[in-house]
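Please read them with the model open beside the text.

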Amino acid sequence: MDFIRSILIALEEVESGDKMKKLSVDEEIFSYHIKLLSQAGLIEAHRDSGDYHKWFPVSLTWDGH
């Protein structure tokens with residue numbers, strides 16, 4: 001849950017104009033958690049068209065805030 005919270009905070013900072021801070025975790029783990037957050041409706045995310053397992057955060061949703 002701490003990692004989920006870190007992602008949400010980092011994404012919120014991006015929306016305020018900052019760059020998304022690099023979270024020190026394996027890219028595969030990060031991508032998996034982005035997918036979970038998207039499925040939960042906390043963020044908007046998109047999947048890489050070339051790699052089904054890569055997900056990228058776009059923005060927080062109302063519930064994500």
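1. His-53 counts as exposed because its relative accessibility is 62%, and the cut-off for that class is over 50%. The residue sits in the loop between strand 1 and strand 2. This is a predicted model, and the positions discussed here should be read as such. A second pairing involves Glu-28, whose C-alpha is 7.8 Å from that of His-53 at a sequence separation of 25 residues.

2. Glu-28 itself belongs to helix 2 and counts as exposed, with a relative accessibility of 65%. Together with Gln-39, Glu-28 is an exposed residue on the face of helix 2 that is turned away from the buried side of the helix. The backbone nitrogen of Glu-28 also takes part in the cap at the N-terminal end of helix 2, where a side-chain oxygen of Asp-26 lies 3.0 Å from that nitrogen.

3. How many residues does helix 2 have, and what distance does it reach from its first C-alpha to its last? The helix has 13 residues and reaches 18 Å, which is close to the 18 Å expected at 1.5 Å a residue. Its buried residues are Phe-30, Ser-31, His-33, Ile-34 and Leu-37. Viewed down the helix axis, these buried residues fall within an arc of 165 degrees, and they therefore line one face of helix 2. Just after helix 2, Gly-41 adopts a positive phi of about 80 degrees.

4. His-33 deserves a separate comment. This residue of helix 2 counts as buried because its relative accessibility is 19%, and the cut-off for buried is under 20%. A polar atom of the His-33 side chain lies 2.8 Å from the backbone oxygen of Ile-29. Once neighbours within four places in sequence are left aside, His-33 is in contact with Phe-3, Ile-4 and Ile-7.

5. The largest nonpolar core has 11 residues, namely Ile-4, Ile-7, Leu-8, Leu-11, Leu-23, Phe-30, Ile-34, Leu-37, Ile-43, Trp-55 and Leu-60. Two or more residues of this core are given by each of helix 1 (2-15), helix 2 (27-39) and strand 2 (55-60). Helix 1 supplies the largest share, with 4 residues. As general background, nonpolar side chains tend to be buried together in soluble globular proteins.

6. Which residues form the salt bridge, and what is the distance from N to O? The count by the rule applied here comes to 1 salt bridge, in which the side chains of Glu-27 and Lys-54 meet at 3.2 Å, N to O. The pair links distant parts of the chain, with Glu-27 in helix 2 and Lys-54 in the loop between strand 1 (43-47) and strand 2, at a separation of 27 residues. Lys-54 is partly exposed, since its relative accessible area is 29%. In general terms, side chains of opposite charge can pair when their charged atoms come close.

7. Val-14 is found in helix 1 and is partly exposed, with a relative accessible area of 29%. The C-alpha atoms of Val-14 and Val-58 are 9.5 Å apart in space, while the two residues are 44 residues apart in sequence.

8. Of its 65 residues, 28% count as buried. Among the contacts in the protein chain with a separation of 6 or more, 35% are accounted for by residues 24 or more positions apart.

Technical notes
Residues numbered from 1 in each chain as written. Predicted model: local features only at pLDDT ≥ 70, side-chain atom pairs only at ≥ 80, totals over all residues. Heavy atoms only, no water. Core = buried A, V, L, I, M, F, W, Y, C linked by side-chain atoms within 4.5 Å. Buried < 20%, exposed > 50% of the residue type's maximum accessible area, 1.4 Å probe, protein only. Salt bridge = Lys/Arg side-chain N within 4 Å of Asp/Glu carboxyl O. Expected span 1.5 Å × (residues − 1). Arc of directions from axis to C-beta. Polar contact = N/O pair within 3.5 Å; in protein donor to acceptor, adjacent residues only side chain to side chain. Contact = heavy atoms within 4.5 Å.
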